[in-house]
Amino acid sequence: MAQVEKRGGLLRKSSASKKPLKEKVVLMYDEIFMTEDPSKCSPRFWEELFLMKVNLDYLEGKLESLDGEELMKIKDNINCLFQHCIQALGEEHPIRVVNALQTLCALIRGVHQKNKSTSGFDIINMLMGFDKAELCMKNLMESLDSLLCAEGSESLKSLCLKLLLCLVTVTDNISQNTILEYVMINSIFEAILQILSHPPSRREHGYDAVVLLALLVNYRKYESVNPYIVKLSIVDDEATLNGMGLVIAQALSEYNRQYKDKEEEHQSGFFSALTNMVGSMFIADAHEKISVQTNEAILLALYEAVHLNRNFITVLAQSHPEMGLVTTPVSPAPTTPATPLGTTPPSSDVISSVELPLDADVQTSNLLITFLKYSSIVMQDTKDEHRLHSGKLCLIILTCIAEDQYANAFLHDDNMNFRVNLHRMPMRHRKKAADKNLPCRPLVCAVLDLMVEFIVTHMMKEFPMDLYVRCIQVVHKLLCYQKKCRVRLHYTWRELWSALINLLKFLMSNETVLLAKHNIFTLALMIVNLFNMFITYGDTFLPTPSSYDELYYEIIRMHQSFDNLYSMVLRLSTNAGQWKEAASKVTHALVNIRAIINHFNPKIESYAAVNHISQLSEEQVLEVVRANYDTLTLKLQDGLDQYERYSEQHKEAAFFKELVRSISTNVRRNLAFHTLSQEVLLKEFSTIS
């Protein structure tokens, strides 16, 4: 018997002896694309249409194949189809509802694709007509809200969310998508919250719900009052906020797990053997090859929650029972090469299982730990624009956290100690850290470790100045809290001091190249003022008096670097060039560091001469320092513990517009190829008569 093939809505026998036969649904679509009303000859036309399995490709392709004039000729039929789709959403028969939802997806995408150059108003007219648009969209949003809140089919809820994502992302710039005005007026915010607060719904639809909310919050957020922003900022229901946090944590955790798996695969594979054989000259390339697609959509959701809702800060430190044990999922999460993780929800196995900690010693985890691990991976490689934006968003989130009083309280809480295994970039001059020896410390130590790691690993030709500024700002804000609340943090401060001095050395040795692109004096001033913060207020927040002594030792030991910096800024501040004012600020900021160097160096040299020692040990230098504090004179510097608070609208608007555009494109691409198949839906409803 000849096999039957199906392509583009055609049924044909492989013998090709007969003309291809069109599916009935395709014939019905063809009638819609005529100028006549299809229900004139067939009164039951619309009822029958929604019993037919939707052919998305054919319907979208047909819409795209028409030119503007041809499309206008069948506008009445398209309006009619759109309205009948909305009517069908109220039907009791689930198959009709499924087909109506998918037809709406195809209509919206097809018309938008065809009318990319036209305004949103034309598209509204083409889909539903100006005169009926308000009522149509009101009915559509009410139907979707009812389906999302009902206790019915999970597949229907999933399709409702896909339709909403399709509607939101149909244009690259969501703020130009005028149809969303109706989504603002007819809010589905409460339906999204219900999904997040209800564990079974959250497991099935949490990812899509969180991404949808993040996108809706970004619709014309700077031009008008967005009700989703207002409502998100005042949510205080614990179950809802925890549900949102759990969805984000599990998506980020899945990314961390995938990265860890790839890393282990490379370490045990042929590439690792080859690297060992030829040495470490290719270590950077090897690391680049194990990069996993970042997840900006879920990161944006985390940012909006942290930035807009102060109640969400408590969720960051909330230990989740599902994430507290180390278990193995029933089956590994499927990964599709064509689908980047940044646009694909984790599998339901992952959503319903637990976090897989990257090190077995971690007994409990929370959203902040998972986010810090995620950040340590994405911030390793900032060479391409995509990863640079990911790293920037991570640092913006950390900036918001570092400014929050409550977040600082739990970050510095001695009773909340964790082992946080951050990823460290492979570098030729250092060995891989032993994960098992990690101490349990307050979470702020992990944040500082992450900042130190970034400082040490990104001194390169393509210097990420913006990220460095943000990194130093995060450290400064944490120090301001410690000074204000007199928190004596037991941290290896010497690692931070060493990293900051090395960064200054890098700026000086690459002065000519960097000044062609950046004002390096802004960053140099921030670094010098961090040292000034330690010098002026260190006795109030450094853990022990010996820590303060070590600070002086480090400044004296590296005095050549500070002398060189002073020479450089003095040279530029005495010239009438463009850097005169910026360099002059650094000159003034160095006054206390130079006072320390000029006060102690002669005394150390004198001690060495008297005792006939050619090279003093650290303990001997510290002895001289302790003996000569009394005669040291320092100037009081104002404003060291002050900072400008983060403001999105004034400084970051362009970044977020571009980021949301990228996320919108990725979500739409994913919906187009992976999430609108009917197979699961039809199987679920196969028992319905």
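Rings of Phe, Tyr and Trp (its six-membered ring) count as a pair if their centres lie within 6.5 Å; planes over 60 degrees apart make the pair edge-to-face. The structure is a predicted model.

**Exercise 1.** State how many aromatic pairs a search of the whole structure finds, then describe the pair of Tyr552 and Phe600.

Solution. 
- The search of the whole structure gives 22 aromatic pairs.
- For Tyr552 and Phe600, the centre-to-centre distance is 5.8 Å and the angle between the planes is 85 degrees, an edge-to-face pair.
- Tyr552 belongs to helix 28 (residues 545-557) and Phe600 to helix 31 (residues 591-610); the two are 48 residues apart, and the pair links distant parts of the chain.
- Tyr552 and Phe600 are both buried.

**Exercise 2.** Explain why the pair of Phe655 and Phe656 is edge-to-face, and decide whether each residue is buried or exposed.

Solution. 
- The ring centres of Phe655 and Phe656 are 5.1 Å apart, and their planes stand at 70 degrees, so the pair is edge-to-face.
- Buried requires under 20% relative accessible area.
- Phe655 has 8% relative accessibility and therefore counts as buried.
- Phe656 has a relative accessible area of 1%, so Phe656 is buried.

**Exercise 3.** Identify the residues that form one aromatic cluster with Trp493, and the charged residues that lie over the rings of Tyr537 and Tyr566.

Solution. 
- Trp493 forms one aromatic cluster with Tyr491, Trp497, Phe534 and Phe541.
- Over the ring of Tyr537 sits the charged end of Lys483, 4.6 Å from the ring centre.
- Over the face of Tyr566 lies Arg594, at 3.7 Å from the ring centre.

Methods
Residues are numbered from 1 along each chain as its sequence is written. This is a predicted model: local features need pLDDT of at least 70, side-chain atom pairs count only at pLDDT 80 or more; totals for chains, interfaces and linings use all residues. Side-chain values use heavy atoms; hydrogens and water are left out. Rings of Phe, Tyr and Trp (its six-membered ring) pair if their centres lie within 6.5 Å; planes under 30 degrees apart count as stacked, over 60 as edge-to-face and the rest as tilted. Helices (H or I, at least four residues) and strands (E, at least two) are DSSP runs, numbered from the N terminus. Buried means under 20% relative accessible area, exposed over 50%, partly exposed in between (1.4 Å probe, protein chains only). A charge sits over a ring if NZ of Lys or CZ of Arg is within 6 Å of the ring centre and within 35 degrees of the ring normal.
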